[in-house]
Amino acid sequence: RSTLFPYLAVSLNNLGMDLIRTGQPEEALAAIREAVEIRRPLVAANPDAFEPGLALSLGGLGNYLSALGRREEALAATGEAAELYRRLAGRNPGAFEPHLAALLDNLASDLSETGQWEEALALTRESVELYRRLAEGNPAAFEPDLADALSNLGGRMAILGQWEETLTAIEETVGLFNRLASGNPAEFEPHLVTALGNLGQAMSELGRQEEALAATEEGVRLCRRLVAGNPAAFEPTLATALNPLGRAMSDLGRREEALAATREAVDLFRRLAAAHPAAFEMNLAASLDNLGSCMSDLRLWEEALAATKEAVDLFRRLAAVNPTAFESHLAGALRGFARARAAARLELPQALAAVQESVEIYHRLAQLLSLPFTNEIREANGTLADVLEKLDRPQEATATRLQMPGGDPPTAD
C-alpha cells in the first residue's frame, strides 16, 4: 500500500486545484494539507525522489492559506517551499529555477501583506533577476513572467517611496508588455493597460505631469476598445485605469474632465462591488476618495462631503477586518474627509477629529511597519493646520506647521 502514497498525494494536489476552481477554498485547503502530510515521510525516506513533490504541495498550501487571509501560516508554508526549491535549483537550475522564481514572488506578496516591506522587496528583486536570466535563454516562455515580476517590483518600491527606481521598473514593464501585446493582443493588452496606469502614477509622483497624462490616456483608450469587445471581462480594468487618468487631469488643472473620469470609475466600481464586495470594495473606497477631491476642486461641497464620508466608512470597515492591509488607506481617506470639510468650511469639528486620527494612524504605522510615511505625515499635518486655522486656532496651526519637515510652509488657500 505504501507504494500508492505518492499517487495519492498527486491526486490530492489535483483535487485541491479543482476545489479552488469551484469555489471551495476550505475543502481545497484540507486536501492540500493531506498531500503535504503524506509527502513528509516520503521525503524523509528518499529526499531526491520526493522533495520536488513536497515543495509543490507546500507552495500550493501557501497559496490557499493566503487566499483565506491566513498570512502567517501562508508565510511559513511558502517559506519552506522556497527553501526546498533553493536547494533543488542549486542541484538542477534548469528544472527548478522557474519554480523558485515564482515562489519568491509569492513569498514577497505574503511578506508585504504582513508589513515586511524591505524583506518583500529583496525577494522580489531576486525573483526579477531569476526571470531575467531565464528570459534571456527562452524569451517566449519567460518574458511574461519577467514583466509581471517587474510590475510587482515597481509596486513594492512605490510603497517605500522609491519613485525613480519604480519608474525604471515600470518603464521596462511597459516595454515588455508592448512587445508581447503586438504578438498576442488578447492575452497581453490588459496587462499593458495596467502597466500604463502604473507608469502614469510614477511619472506624476516625479512631477512629470504631461507624460503622466499621456500614459494614462493611452491606457484608457486601449481599455475602452477591450471593453467594447467583452464588457464583463474588462470593465474592472477600465475602472482601475480611469482613476489615474482623473488624477493626471486634476494635476494639470483639467478639473471637469478629471471629475468625469473619476465619476465613471466610481460608477463602475459601485456596480462591481455590489456583485463582488470582497474583490472591489477597496477600489470603490479609493475612487470615492478621489471623487471627493475632484468635487472639492469644483466647489461641489455637498457631493464632496458625501463622497469622502462614504470612502471613510468603507475603509474603516475594511481596516477592522485587515488592519495591516487597510489602515494606511483609512488614514488617507480620513485626510481627504478633513480636507473637503476645511475647503468648504463645513463640519469643522468632525474634520479636526478625522485628521487627528489620520496623523495618529500614520505615526503608529511608521513605527509598526518600519516605513517612513514622511510625505503622508507631512500632508496630514498640513491639513491639520488648515483645519485649525478655519477653527480660529492660529497659534496651534502655526505650531503644527513649524513641526512639519522643511519648517514653516505657506498656508493653504
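**Helix pairs, salt bridges and loops**

Author: Helices α11 and α12 pack at an angle of about 155 degrees, and their axes are 8 Å apart. The model is predicted: local features need pLDDT of at least 70, side-chain atom pairs count only at pLDDT 80 or more, and totals for chains, interfaces and linings use all residues. Residues are numbered from 1 along each chain as its sequence is written, and side-chain values use heavy atoms, with hydrogens and water left out.

Reader: What makes α11 and α12 roughly antiparallel?

Author: The angle is about 155 degrees. Angles over 145 count as roughly antiparallel, under 35 as roughly parallel, 65 to 115 as roughly perpendicular and the rest as oblique. Therefore α11 and α12 are roughly antiparallel to each other. The axes are lines fitted to C-alpha atoms, for helices over the stretch in contact, and angles run from 0 to 180 degrees between N-to-C directions.

Reader: What is the handedness of the crossing of α11 and α12?

Author: The crossing is left-handed. That term applies if the near helix is turned anticlockwise from the far one by less than a right angle; clockwise makes it right-handed.

Reader: Which residues make the contact between α11 and α12?

Author: Contact means heavy atoms within 4.5 Å. On α11 the residues include L238, L242, L245 and M249. On α12 they include A261, A265, L268 and L272. An α-helix has 3.6 residues a turn, so residues three or four places apart point the same way.

Reader: Which residues of α12 are buried?

Author: Among them are A258, L259, V266, F269 and A273. Buried means under 20% relative accessible area, exposed over 50%, and partly exposed in between (1.4 Å probe, protein chains only). The cover over the buried residues of α12 includes α11 and α13 (277–297).

Reader: What makes α5 roughly parallel to α7?

Author: The axes of α5 (residues 93–113) and α7 (residues 139–159) come within 12 Å and cross at roughly 25 degrees. That angle makes α5 roughly parallel to α7. The crossing of α5 and α7 is left-handed. The contact is made by P98, D105, A108, S109 and S112 of α5 with F142, N152 and R156 of α7.

Reader: Why is the pair R87 and E51 called a salt bridge?

Author: A salt bridge is a side-chain nitrogen of Lys or Arg within 4 Å of a carboxyl oxygen of Asp or Glu. The N to O distance for R87 and E51 is 2.7 Å, so the pair meets the definition. R87 is in α4 (residues 71–91) and E51 in α3 (residues 47–67), 36 residues apart. R87 is partly exposed at 41%, whereas E51 is buried at 7%.

Reader: How many salt bridges are found in the whole structure?

Author: The search finds 34. One of them joins D386 and R401, with the closest N and O atoms 2.4 Å apart. D386 is in α17 (residues 374–390) and R401 in α18 (residues 394–402), 15 residues apart.

Reader: Are D386 and R401 buried or exposed?

Author: D386 has 15% relative accessibility, so D386 counts as buried. R401 is buried as well, at 3%.

Reader: Which residues do shared partners join into one network?

Author: Salt bridges that share partners join D48, E51, R87 and R91.

Reader: What is the phi of D392?

Author: Phi of D392 is positive, about 60 degrees, although D392 is not a glycine. Most residues other than glycine have a negative phi. D392 lies in the loop between α17 and α18.

Reader: Why is D392 called exposed?

Author: The relative accessibility is 63%, so D392 counts as exposed.

Conventions
Helices (H or I, at least four residues) and strands (E, at least two) are DSSP runs, numbered from the N terminus.
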